[in-house]
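I opened this model to look up its loops, sheets and cores. My entries follow in the order I made them.

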Amino acid sequence: SIVSYRGDVSLSVREGAGSWLGRIFAGELPWTTSIAALLDGTGAECMICPSGLGAIEVIELAEDEGIHLRSGSFLAADSTVEVVTRSHASLQTTFFSGSGLRHLQVKGPGTCAFNGHGALHCEKLSAGERMAVDNGHVVAWSPNLNMEVGFAAKGSAFRSLASGEGLMCFFEGPGEVWVQTHAPEPHGRSSKTK
């Protein structure tokens, strides 16, 4: 959301790319706020922030370079950046990856900003390198990464659940994965102590 702005700035509302329903399932509103500097833009500035606490990552995407974002993590992008909703590759990933029923695909050229809970860490995976990430901590990933969902202790649902780890997202490189240090509280739960 917009915190503040000054200078010669124009604000408008436009319909987001893709279907309304797809955007809602991806944790986004069906419309977006468009912010533009008028004339030469001298002295125009705008401050935006996410709704939750946590770090903001700003990346520069080259022509046809993309990134996938979990539901609700998109913050802002240049008007040259394409933002569309996508389905996951499998029903298992859709329901258990922690990234939402649908996720966003952001494609350059231009600047994109997204956010997570707590700090954000970018993990770079080389070809064939594998990494497991708790399904509540995945924020963004390169489109070419292979992502699967499974139990933390491979082959053992009991050991995974008994240890409290449960489900993990397994990525195989090459590519990048952004991980958040905190997972959002499940809906309806309060972090207050009684």
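**Entry 1: Asp64**

I began with Asp64. Leaving aside neighbours within four places in sequence, Asp64 is in contact with Lys107 and Gly108. I took contact as heavy atoms within 4.5 Å. Asp64 is found in the loop between strand 5 and strand 6. Helices (H or I, at least four residues) and strands (E, at least two) are DSSP runs, numbered from the N terminus.

Is Asp64 buried or exposed? Asp64 is exposed, at a relative accessible area of 54%. The cut-offs are under 20% for buried and over 50% for exposed, with partly exposed in between (1.4 Å probe, protein chains only).

I checked the backbone too. Phi of Asp64 is near 65 degrees, a positive value in a residue other than glycine. Most residues other than glycine have a negative phi. I also took a C-alpha to C-alpha distance: Asp64 and Val106 lie 9.6 Å apart in space and 42 residues apart in sequence.

**Entry 2: ground rules**

I noted that this is a predicted model, in which local features need pLDDT of at least 70 and side-chain atom pairs count only at pLDDT 80 or more, while totals for chains, interfaces and linings use all residues. Residues are numbered from 1 along each chain as its sequence is written, and side-chain values use heavy atoms, with hydrogens and water left out.

**Entry 3: the whole chain**

I counted three helices and 16 strands in the chain. Of its 194 residues, 35% count as buried. The chain exposes about 11,200 Å², and carbon and sulfur atoms supply 55% of that area. These areas come from the Shrake-Rupley method with a 1.4 Å probe; for residues, only the protein chains shown count as cover. I then looked at sequence separation. Among contacts with a separation of 6 or more, 76% are between residues 24 or more positions apart.

**Entry 4: the cores**

Which residues have the most contacts inside the largest nonpolar core? They are Ile67, Leu69, Val106 and Phe114, in a core of 15 residues. Strand 5 (56-61), strand 6 (66-69), strand 9 (102-107), strand 10 (110-115) and strand 13 (138-141) each give two or more residues to this core. A nonpolar core here is a set of buried Ala, Val, Leu, Ile, Met, Phe, Trp, Tyr and Cys residues joined through side-chain atoms within 4.5 Å.

Beyond its neighbours within four places in sequence, Ile67 is in contact with residues including Ile59, Leu104, Val106, Phe114, Trp141 and Trp178. Another core, of eleven residues, lies apart from the largest one; among its members are Leu125, Phe171, Val177 and Val179.

**Entry 5: sheet 5-10-7**

I traced an open sheet of three strands in the order 5-10-7, with antiparallel pairing. Strand 5 and strand 7 (74-77) are the edge strands, and each pairs on one side only. The twist averages 20 degrees from one strand to the next. Axes are lines fitted to C-alpha atoms, for helices over the stretch in contact, and angles run from 0 to 180 degrees between N-to-C directions.

Strand 7 and strand 10 run antiparallel and are joined by three bridges. Two strands pair if DSSP finds at least two bridges between them. Ala77 stands opposite Cys112 in strand 10.

I also looked up Ser73, in the loop between strand 6 and strand 7. Ser73 is buried, with a relative accessible area of 2%. Its side chain reaches the backbone oxygen of Arg70 at 3.0 Å.

**Entry 6: sheet 12-15-14**

Three strands form an open sheet in the order 12-15-14, and the pairing is antiparallel. Strand 12 and strand 14 each have a single partner strand, so one side of each is left without a neighbour in the sheet. On average, neighbouring strands here are turned by 30 degrees against each other, direction ignored.

How many bridges join strand 14 (residues 146-151) to strand 15? I found six.

**Entry 7: cis bonds**

Most peptide bonds are trans. I noted a cis bond from Gly108 to Pro109, with omega near 25 degrees. Pro109 is in the loop between strand 9 and strand 10. Another cis bond joins Gly173 and Pro174, with omega about 15 degrees. Pro174 lies in the loop between strand 15 and strand 16 (175-180).

Methods: A polar contact is a pair of N or O atoms within 3.5 Å; within protein, one must be able to donate a hydrogen and the other to accept it, and residues adjacent in sequence count only if both atoms are side-chain atoms.
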